[in-house]
Amino acid sequence: QLRALRAIKSALLLAKTEKGASSEITEEAEVKVLQKLVKQRKESADIYKSQNREDLYRIEAEEVEVIEHYLPKQLSTEELNAYIKQLI
(Lines give C-alpha, C1' and ligand atoms only; values in the text may rest on other atoms or scores of the structure.)
Protein backbone atom coordinates (compact mmCIF):
# COMPACT_ATOMS: atom_id res chain seq x y z
CA GLN A 1 0.00 0.00 0.00
CA LEU A 2 2.78 2.38 0.84
CA ARG A 3 4.29 1.91 -2.61
CA ALA A 4 0.97 2.85 -4.26
CA LEU A 5 0.55 5.91 -2.03
CA ARG A 6 4.06 7.06 -2.87
CA ALA A 7 3.30 6.63 -6.57
CA ILE A 8 0.16 8.76 -6.18
CA LYS A 9 2.06 11.47 -4.34
CA SER A 10 4.85 11.48 -6.90
CA ALA A 11 2.48 11.64 -9.87
CA LEU A 12 0.46 14.48 -8.33
CA LEU A 13 3.60 16.47 -7.50
CA LEU A 14 4.84 15.94 -11.04
CA ALA A 15 1.50 17.11 -12.47
CA LYS A 16 1.61 20.16 -10.23
CA THR A 17 5.09 21.16 -11.40
CA GLU A 18 4.59 20.48 -15.12
CA LYS A 19 5.28 23.33 -17.48
CA GLY A 20 2.18 25.46 -17.89
CA ALA A 21 0.44 24.04 -14.84
CA SER A 22 -0.99 26.39 -12.25
CA SER A 23 0.13 26.18 -8.64
CA GLU A 24 -3.00 24.14 -7.83
CA ILE A 25 -4.23 21.17 -9.80
CA THR A 26 -7.92 20.67 -10.33
CA GLU A 27 -9.90 17.69 -9.13
CA GLU A 28 -10.39 16.71 -12.78
CA ALA A 29 -6.62 16.70 -13.32
CA GLU A 30 -6.15 14.61 -10.18
CA VAL A 31 -8.65 12.03 -11.45
CA LYS A 32 -6.86 11.87 -14.81
CA VAL A 33 -3.53 11.28 -13.06
CA LEU A 34 -5.01 8.48 -10.95
CA GLN A 35 -6.69 6.90 -13.98
CA LYS A 36 -3.35 6.94 -15.79
CA LEU A 37 -1.66 5.23 -12.85
CA VAL A 38 -4.34 2.54 -12.79
CA LYS A 39 -4.06 1.99 -16.54
CA GLN A 40 -0.28 1.64 -16.34
CA ARG A 41 -0.50 -0.88 -13.53
CA LYS A 42 -3.22 -2.92 -15.22
CA GLU A 43 -1.12 -3.12 -18.38
CA SER A 44 1.92 -4.20 -16.37
CA ALA A 45 -0.16 -6.75 -14.48
CA ASP A 46 -1.41 -8.25 -17.75
CA ILE A 47 2.15 -8.56 -19.02
CA TYR A 48 3.32 -10.19 -15.78
CA LYS A 49 0.40 -12.60 -15.81
CA SER A 50 1.12 -13.64 -19.40
CA GLN A 51 4.74 -14.28 -18.40
CA ASN A 52 3.66 -16.37 -15.38
CA ARG A 53 5.19 -13.87 -12.95
CA GLU A 54 2.53 -14.19 -10.26
CA ASP A 55 4.69 -12.38 -7.69
CA LEU A 56 4.96 -9.23 -9.81
CA TYR A 57 1.36 -9.52 -10.98
CA ARG A 58 0.17 -9.53 -7.36
CA ILE A 59 2.14 -6.34 -6.58
CA GLU A 60 0.61 -4.49 -9.53
CA ALA A 61 -2.90 -5.73 -8.70
CA GLU A 62 -2.55 -4.57 -5.09
CA GLU A 63 -1.44 -1.13 -6.25
CA VAL A 64 -4.42 -0.92 -8.63
CA GLU A 65 -6.74 -1.69 -5.73
CA VAL A 66 -5.22 1.04 -3.54
CA ILE A 67 -5.24 3.68 -6.29
CA GLU A 68 -8.83 2.87 -7.35
CA HIS A 69 -9.89 3.56 -3.76
CA TYR A 70 -9.13 7.25 -4.42
CA LEU A 71 -11.07 7.42 -7.70
CA PRO A 72 -14.75 8.32 -7.90
CA LYS A 73 -17.05 5.31 -7.90
CA GLN A 74 -17.92 4.14 -11.40
CA LEU A 75 -21.53 3.38 -12.29
CA SER A 76 -22.38 -0.27 -12.78
CA THR A 77 -24.15 -1.35 -15.96
CA GLU A 78 -27.44 -1.63 -14.08
CA GLU A 79 -27.07 1.82 -12.55
CA LEU A 80 -26.22 3.32 -15.92
CA ASN A 81 -29.24 1.65 -17.58
CA ALA A 82 -31.53 2.89 -14.80
CA TYR A 83 -30.16 6.42 -15.17
CA ILE A 84 -30.66 6.40 -18.95
CA LYS A 85 -34.24 5.09 -18.57
CA GLN A 86 -34.91 7.86 -16.05
CA LEU A 87 -33.67 10.48 -18.53
CA ILE A 88 -35.88 9.12 -21.28
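Reader: Which helices do the buried residues of α2 pack against?

Author: In this predicted model, the buried residues of α2 pack against α1 (2-17) and α3. Helices are DSSP runs (H or I, at least four residues), numbered from the N terminus. Contact means heavy atoms within 4.5 Å. Residues are numbered from 1 along each chain as its sequence is written. Local features need pLDDT of at least 70 and side-chain atom pairs 80 or more, while totals for chains, interfaces and linings use all residues, and side-chain values use heavy atoms, leaving out hydrogens and water.

Reader: Which residues of α2 are buried?

Author: Buried means under 20% relative accessible area, exposed over 50%, and partly exposed in between (1.4 Å probe, protein chains only). Here the buried ones are Val31, Val33, Leu34, Leu37, Val38, Arg41 and Ala45.

Reader: At roughly what angle do the axes of α2 and α3 cross?

Author: Axes are lines fitted to C-alpha atoms, for helices over the stretch in contact, with angles from 0 to 180 degrees between N-to-C directions. Those of α2 (residues 27-50) and α3 (residues 54-69) come within 8 Å and cross at roughly 160°. That makes the two helices roughly antiparallel (over 145 degrees; under 35 is roughly parallel, 65 to 115 roughly perpendicular, the rest oblique).

Reader: Is Asn52 buried or exposed?

Author: Asn52 is exposed, at a relative accessible area of 70%.
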